[in-house]
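Trainee: Hey, could you walk me through this one? I'd like to start with whatever surrounds the ligand.

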Amino acid sequence: MDVAVFSTKPYDRACLEAANAAAGRPHALRYLEPRLGPATAVLAAGAGAICVFVNDELDAATLAALSAQGVRLVALRCAGFNNVDLAAAAALGIAVGRVPAYSPHAVAEHTVALILALNRRIHRAYNRVREGNFALDGLLGFDLKDRVVGVVGTGRIGAVVARIMLGFGCRVMAFDPVEEPGLVAAGVRYAPLPELLAAADIVTLHCPLTPETRHLIDAAAVARMRPGVMLVNTSRGALVDTAAVIAGLKSGRIGYLGLDVYEEEAGLFFEDLSGQVIQDDVFTRLLTFPNVLVTAHQAFFTAEALAAIGEVTIGNISAFEATGVPRFPVSREG
Ligand code: NAI
């Protein structure tokens, strides 16, 4: 199949090329650097399928433009699909496939890396030591053992985070509309979200972004949290109301913030903007706090996850070509 690959980075190309080669090169992959949106949909001309990532924009107008050019499949090379108007895709007869679980461990382990780095202030220690400053003042951490970790969303990723934190000797609470009996057996206690927020020393978000979960962490949620709480979001930026979190950081209610995602990350993340003036004042304010650690949507970025992304994406396209349905289809129900 002819496939237009949007938002291509060298590592995307490498993993898709390897997977396509391993399958006997069934598809003609055309690599495009621009992000997909209404203005760039035209670049897909001639392709029957497109391959996109987290910050490509698949709203109704973009999907209509793609459909008019003959695109019949959207192959997401990610798990989340909040950037796709699924109702519009269904109405246009465009199938949508995704990579549901390329490596929950990659994201879970990065989440734990943020927790450990924030707690022991590794980001600050690294710079200090390089400057010959070996003082410990300001680097005080806390034992994770016996601390309460609140995991919001115990699907594939949240479940791995919960088990890792149990391994540290933490008390793990969870909120999810669907409880996982295996986690309960392992010692996780499910509780309503307000109770979790009030009890947790560390709150980590692993639920999908939906209309219901948008700004799940707003000013009211911040007010419910323990003073000095650590908040970590490696899921989707818009789960968090950034203005409310900045107010929480300024008041001290939030003691640590770890982000791998940001509500307005499209246009910032995945690009080298080091020579430019960043225009997003909310984001740059976040970067001024000593107790904030931001990574640019890299939680997924392991060799194992990339290999799986390539393989499942090529498999989705092949299955669609053979049967009209991708191997891992996305419907409005998920
Ligand atoms: P999953 O679908 O396995 O699990 C999501 C869980 O959230 C489910 O158990 C579901 O019942 C629960 N949930 C739904 N609504 C909820 C609510 N209102 N409150 C609490 N829980 C709720 O998804 P998975 O694979 O664990 O991924 C979670 C999220 O992580 C994805 O939606 C995606 O946005 C994000 N992600 C981020 C990556 C990164 O690189 N930073 C990479 C991959 C995924």
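This is a predicted model: local features need pLDDT of at least 70, side-chain atom pairs count only at pLDDT 80 or more; totals for chains, interfaces and linings use all residues.

Trainee: Which residues come nearest to the ligand?

Mentor: Tyr102, Arg156, Ile157, Asp176 and Thr234 come nearest, out of the 23 residues around the ligand.

Trainee: What about the backbone of Arg156, how far is a N or O atom there from an oxygen atom of the ligand?

Mentor: That distance is 2.9 Å. Gly155 also has a backbone N or O atom by a ligand oxygen atom, at 3.4 Å.

Trainee: And which polar side-chain atom lies 3.3 Å from an oxygen atom of the ligand?

Mentor: That one belongs to Arg236.

Trainee: How much of the ligand's accessible area does the protein cover?

Mentor: On its own the ligand has 860 Å² of accessible area, and the protein covers 84% of that.

Trainee: Which pocket is the ligand in?

Mentor: The largest pocket: that is the space the ligand takes up.

Trainee: OK, switching to single residues. Where is Gly158 found?

Mentor: Look in helix α6, which covers residues 156-167.

Trainee: Is Gly158 buried or exposed?

Mentor: Buried, because its relative accessibility is 0% and the cut-off for buried is under 20%.

Trainee: New topic: where does Thr8 sit?

Mentor: Thr8 is in the loop that runs between β1 (2-5) and α1 (10-22).

Trainee: Is Thr8 buried or exposed, then?

Mentor: Thr8 has a relative accessible area of 10%, so it counts as buried.

Trainee: And what separates Thr8 from Ala220?

Mentor: Their C-alpha atoms are 39 Å apart, and along the chain the two are 212 residues apart.

Trainee: Last one, Asp201. Which loop is that in?

Mentor: The loop between α8 (193-199) and β9 (202-205).

Trainee: Why does Asp201 count as buried?

Mentor: Because its relative accessible area is 14%, and anything under 20% is called buried.

Trainee: What does the side chain of Asp201 make a polar contact with?

Mentor: With the side chain of Arg226, at 3.3 Å.

Key
Residues are numbered from 1 along each chain as its sequence is written. Side-chain values use heavy atoms; hydrogens and water are left out. A residue is near a molecule or strand if one of its heavy atoms lies within 4 Å of it. A polar contact is a pair of N or O atoms within 3.5 Å; within protein, one must be able to donate a hydrogen and the other to accept it, and residues adjacent in sequence count only if both atoms are side-chain atoms. Accessible areas come from the Shrake-Rupley method with a 1.4 Å probe; for residues, only the protein chains shown count as cover. On a 1 Å grid over the protein atoms alone, a cavity is a set of points where a 1.4 Å probe fits but cannot get out, and a pocket is an open set with protein on both sides within 12 Å along at least five of seven lines; lining residues have an atom within 4 Å of a point. A molecule sits in a cavity or pocket if more than half of its atoms lie within 2 Å of its grid points. Helices (H or I, at least four residues) and strands (E, at least two) are DSSP runs, numbered from the N terminus. Buried means under 20% relative accessible area, exposed over 50%, partly exposed in between (1.4 Å probe, protein chains only).
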